[in-house]
Amino acid sequence: MWLESDHGRKEPDTTVLLWGVDCVPEKHEWAKKYVFEKDGTIAPAQNPHGVCLGVQEDEHATLPKVVFVKRTDMRRRLVFARGPVLEQHMAIVEETKRARLAECAALKERICSTVITRTFCETLKRDGFVALENAVPTRLIRQAKREINRRLGAGAANLNAKTFTANSSITALLKESAVPMALSKLLGGDDEYWRSQITSGQIALRFPGDACPNATNYDDDDDDVRISASHFDGVRRYWHIDGIPGESNGLSYGKIHNFDCLCGVLLSDVQEPMSGELCVYPGSHVELAEYFSNNMHVLETLRVEGKGLPSGPETDALFKRRAVHCLGKQGDVFLVNYMTAHFVAPNTSPDIRYAVYFRVSSSQHDGGNISILAPWIHWDGLNRMCPDRHGGS
């Protein structure tokens, strides 16, 4: 059993992880999340055996060692002295717990009764993406931005499109939001399954000037940066889908690393196009599935060599509808089918576009390519609510 601070930091309020093994002996699991119990003991958050921190004599050391003991073991358990300050603290903890449970219940009610409607599902199935509005509480947004800005302060080079992190402030964006409830409605499984899927998030920042030409044009009246139509055409034609192997993303060759749903969380308001926002081609999930079904050799080339997407000059012949700019407010989440073609717009705004992306799969997903050819095959809930009208079920 030992203590470890988050990222080795020593500043006040840094999270400290207390690692201990055999909290659940039959599973031989590590316990690192602890709670302060009302009786003054400290115990693992997941505590099926009713243990807490205690002491045991160590014949090889002059001082006793810290071990798990039964909370009923009055002789060996460690108890923090009670008093007015502790009582006040515990009252605050309990109130916070009640508030968060109420917040979770309200989110679930809203998702179940007003968000996941037939219209919502038809939009998702037709377009290959949909916005889940106001799905992430403000407190989670603030925690995540605090962590991202801390990293920015340590050097912007630490953050790029490849920045994946398991930091709890980042993963909480999905784990403690309405997204697991929505995913369970759309793909089946329960909320806990989807929370277990969320092991890391991709920090995706777009800085002013990203994907803009070197010679940007400014409007004389308001100093807004302008992007020419030809420049944007050059950006939009080079769309992608995730999971294609290559050196730029570090994904190994010989496999298309597909999944079921891309979840993009906005941490800042994106109200106008050309602000570094996600852009998608609506309906492209069906068009690409049909394309690959008729050109299996292209799929094989993608798997082996990581190249061959029908982008660039082939884009406008393949996709029937124009690209859509995914605008929204902080806390909105875009749910995107894996096969939906997408890209990122240039950022002509004066602000950083803050977002975090997560990639999740149904329990039915076995790592094969079936969901590339049938984009909705694992979306059981969606298929029940909206029988196949747009292909790929």
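**Cavity, sheets and helix packing in a predicted model**

Trainee: How do the residues of the lining of the largest cavity divide into nonpolar, polar and charged?
Mentor: The lining of the largest cavity in this predicted model is made up of Gly 264, Leu 266, Leu 278, Cys 326, Phe 334, Arg 353 and Tyr 357. Arg is counted as charged and Gly as polar, while Leu, Cys, Phe and Tyr are counted as nonpolar. The division is therefore 5 nonpolar, 1 polar and 1 charged.

Trainee: What space lies in the largest cavity?
Mentor: The structure holds 1 cavity of 30 Å³ or more. The space in the largest cavity is about 40 Å³.

Trainee: In the sheet of 6 strands, which are the edge strands?
Mentor: This open sheet runs in the order 8-16-13-18-10-9, with antiparallel pairing.

Trainee: Which residue in strand 16 is the bridge partner of Phe 129?
Mentor: Strand 8 pairs with strand 16, residues 333-337, in the antiparallel sense over 4 bridges. In strand 16, the partner of Phe 129 is Val 336.

Trainee: What angle does the direction of helix 3 make with that of strand 18?
Mentor: Helix 3, residues 138-153, packs on the sheet and touches strand 9, strand 10, strand 13 and strand 18. Its direction and that of strand 18 make an angle of about 110°.

Trainee: Why is one side of strand 15 and of strand 17 left without a neighbour in the sheet?
Mentor: In the open sheet of 3 strands, the order is 15-14-17 and the pairing is antiparallel. Strand 15 (324-325) and strand 17 (342-344) stand at the edges, so each has a single partner strand.

Trainee: At roughly what angle do the axes of helix 1 and helix 5 cross?
Mentor: Cys 104, Leu 107, Lys 108, Ile 111 and Cys 112 in helix 1 meet Met 181, Ala 182 and Lys 185 in helix 5. By class, this contact has 6 nonpolar, no polar and 2 charged residues. The crossing is right-handed, and the axes come within 9 Å and cross at roughly 35°.

Conventions
Residues numbered from 1 in each chain as written. Predicted model: local features only at pLDDT ≥ 70, side-chain atom pairs only at ≥ 80, totals over all residues. Heavy atoms only, no water. Pairing = 2+ DSSP bridges. Helix = DSSP H or I, 4+ residues; strand = E, 2+ residues; numbered from the N terminus. 1 Å grid on protein atoms, 1.4 Å probe; cavity = no way out; pocket = protein on both sides within 12 Å on 5 of 7 lines; lining within 4 Å. Points joined across faces, edges and corners; volume = space filled by probe spheres on them. Axes fitted to C-alpha atoms, helices over the stretch in contact; angles between N-to-C directions. Left-handed = near helix turned anticlockwise from the far one by under 90°. Contact = heavy atoms within 4.5 Å.
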